[in-house]
Structure formats: structure tokens, C-alpha cells
Amino acid sequence: MDQHDGGHRANPAMAGMDWEVLDVVVVLLLGVGALVYALGLWAARGRSPWPLRRTLFWYVGMACAAAALLGPVAQAAHTTFTAHMLGHLLLGMIAPLLMVLGAPITLAMRALPTVAARRLSRLLRSAWVRGLTHPVIAATLNAGGIWLLYTTELFHMMHASAAVYALVHLHLLAVGYLFTASLIGPDPDPHRASMAVRSSVLVLFIAAHSIMAKWLFAHPPQGVEPADGRAGAQLMYYGGDVVDVTLIVLLFAGWYAATRPRTLRPRRSARADDHEMRGARP
């Protein structure tokens, strides 16, 4: 089954060009993301050492996004539902988790000049950013987008149109990032929701994601072979569980670190404290 056929019948040459242009745009955007992070590291080189794990998280996350949008998995996703679901797990869950752990906002605050850093801080406190980063809204956009994709004609439209395909995948990555950041993001969040809200939202999201996977197991999209549909639904269910368990662990680890008694926190030497304070100065 070639799900591109519906979009190629009118003008195959133009349709093929659209997909080629999309691939070029994806490469450029991923390159910009990698370069900007590297420039941030360079600009902040004189401050306290940046954790290596943050850098690794960011670039491995970008590699996951690239694997979902370019190469064998992306090509197979147009013809098999299982590969499509693998791409969506990589782009919508794994890449956002890793990129959030890369703490790009914290790096930007360290790298930017004082005036620009203050402007970014004010932006983070704005009403619309507060709304988008609230766990309830982020989870609704995330889970709602998934249900809309698989219960309407949008699934077939995205494989017939490069523009729709681009918008769906942009939405998937963006809301995945917002949702993950709202729960366990290490970056500064002036409006961080309470632990009760975040944990409740995560439980409800896991339930919605699992129900969607079970529904797809019984009702794969039209045109998808039943065996392929079941395999893709199982991948969504069990692969999603792995990421969800990781989110649960990170959520409670962060809560424990923030609330444990100060007497249980490891002491640091005066020299280490002085070094960090000097590194944090703008």
C-alpha cells in the first residue's frame, strides 16, 4: 500500500518536488537547532561548567527527531503503519523528552547578554506562555492531536500532502516538548504547576494514550492491513509505556529532590559554592 498515491495522481512531478523540498527544510531546521545549541555552549564557556549529560540529551534527542523525519524509518512510514508509529514515538515522545532534559532555556539564559536574558525571562512570565506550558493545556493539545489524527481523515491527508505532513509533525514535536517540559522540565518555569496537578495530568494522559492504542488495535486506519495495524498499535502501547514510566520516575525524583529535608542534601564545599556563584553572574 502506498499512501502517497492519493496526493501524487494530479501532478506526480510537483508532488515529488514538494516532498523533496520538505526534506531539505527538515535538514535545515535540524541543523539550525544543533548549531544554536552549540553557539550557546560557546557563548557560556566562561561560566560554570555545563553538564555534559545536558548536551548529550539535546543532540541525541535531535537525532531521534531526524530518524523520524528522514531516512529509512521516514520512508517506510509512508507504506507501513508500524513504521509510521515508530516515527511518531521517536518524534512525539522520545525526542521531546531528551530535548527537554537538554535544558535549552537554561543554556540560553547563561549564554545571552544580560538585557536579552531579562527579555527572555519576561517572555517566560507572559500570560500566553503560562497558558501553553500549563500541564492541562499541554496534555489536551497532545492527546487531542493524537485522537484527531487517528479518528479522522487527517491520517490519510498527511500522507497525501507534504504541507499537511509537515504541520502534523511540527505539532507532534511541539506539543510533545511542551507537555514534557510542563511535567519534568529542568528549565526555569515561573508558573510551575503543583505536584498534585502534574501527577494527575500524567495519569490521565497515560490512560488516554493507552485507550487510543487499544482502539487502534481493534480499528486500524482504513487501508491499513489488520496485522500491520495491530503491530503498530502494540508498538504505540508498549513503547509509550516505556516513555511514560520514565516520566513518572523523573517527576517523582524531581519532587523528592525539591522537598527532601535540607539536612539530607549533600553538602558542598565553600569553594564549589563560590565557583557556582561566580559562574552564575551575568
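Modeller: The structure, which is a predicted model, holds nine aromatic pairs. One of them is formed by Tyr37 and Tyr59, edge-to-face, with 5.7 Å from centre to centre and 80° between the planes. This pair links distant parts of the chain, since Tyr37 belongs to helix 2 and Tyr59 to helix 3 (residues 52-69), 22 residues apart.

Next comes the packing of two helices. Helix 9 (residues 135-151) and helix 12 (residues 195-218) pack at an angle of about 5°, and their axes are 10 Å apart. Angles under 35 degrees count as roughly parallel. Helix 9 and helix 12 are therefore roughly parallel to each other. On the helix 9 side, the residues that make the contact include Ala139, Asn142, Ile146 and Trp147; on the helix 12 side they include Val201, Phe205, His209 and Trp215. By class, the residues of this contact are 15 nonpolar, three polar and one charged.

A search of the whole structure finds three cavities of 30 Å³ or more. The largest cavity has a volume of about 120 Å³. Of the 13 residues lining the largest cavity, His88, Met93, Ile146, Leu172 and His209 are the closest to its centre. Ile146 and His209 are among the residues through which helix 9 and helix 12 touch. Helix 5, helix 9 and helix 12 each supply at least two residues of the lining of the largest cavity, and helix 5 gives the most, with five. Nine of the lining residues of the largest cavity are nonpolar, four are polar and none is charged.

The second largest cavity has a volume of about 60 Å³. Its lining includes Met93, Asn142, Phe179, Phe205 and Val243. For the second largest cavity, helix 11 provides the largest share of the lining, three residues. This lining has five nonpolar, four polar and no charged residues.

Finally, there is an open space. The largest pocket has a volume of about 880 Å³. It is lined by 34 residues, of which Pro104, Ile105, Tyr177, Leu178 and Asp187 are the closest to its centre. Among the elements that give two or more residues to this lining are helix 2 (12-43), helix 5 (81-101) and helix 11 (162-184). Helix 11 gives the most to the pocket lining, with seven residues. By class, the pocket is lined by 26 nonpolar, five polar and three charged residues.

Definitions and conventions: Residues numbered from 1 in each chain as written. Predicted model: local features only at pLDDT ≥ 70, side-chain atom pairs only at ≥ 80, totals over all residues. Heavy atoms only, no water. Axes fitted to C-alpha atoms, helices over the stretch in contact; angles between N-to-C directions. Helix = DSSP H or I, 4+ residues; strand = E, 2+ residues; numbered from the N terminus. Parallel < 35°, antiparallel > 145°, perpendicular 65-115°, else oblique. Contact = heavy atoms within 4.5 Å. Nonpolar A, V, L, I, M, F, W, Y, C, P; charged D, E, K, R; others polar. 1 Å grid on protein atoms, 1.4 Å probe; cavity = no way out; pocket = protein on both sides within 12 Å on 5 of 7 lines; lining within 4 Å. Points joined across faces, edges and corners; volume = space filled by probe spheres on them. Phe/Tyr/Trp six-rings, centres within 6.5 Å; stacked < 30°, edge-to-face > 60°.
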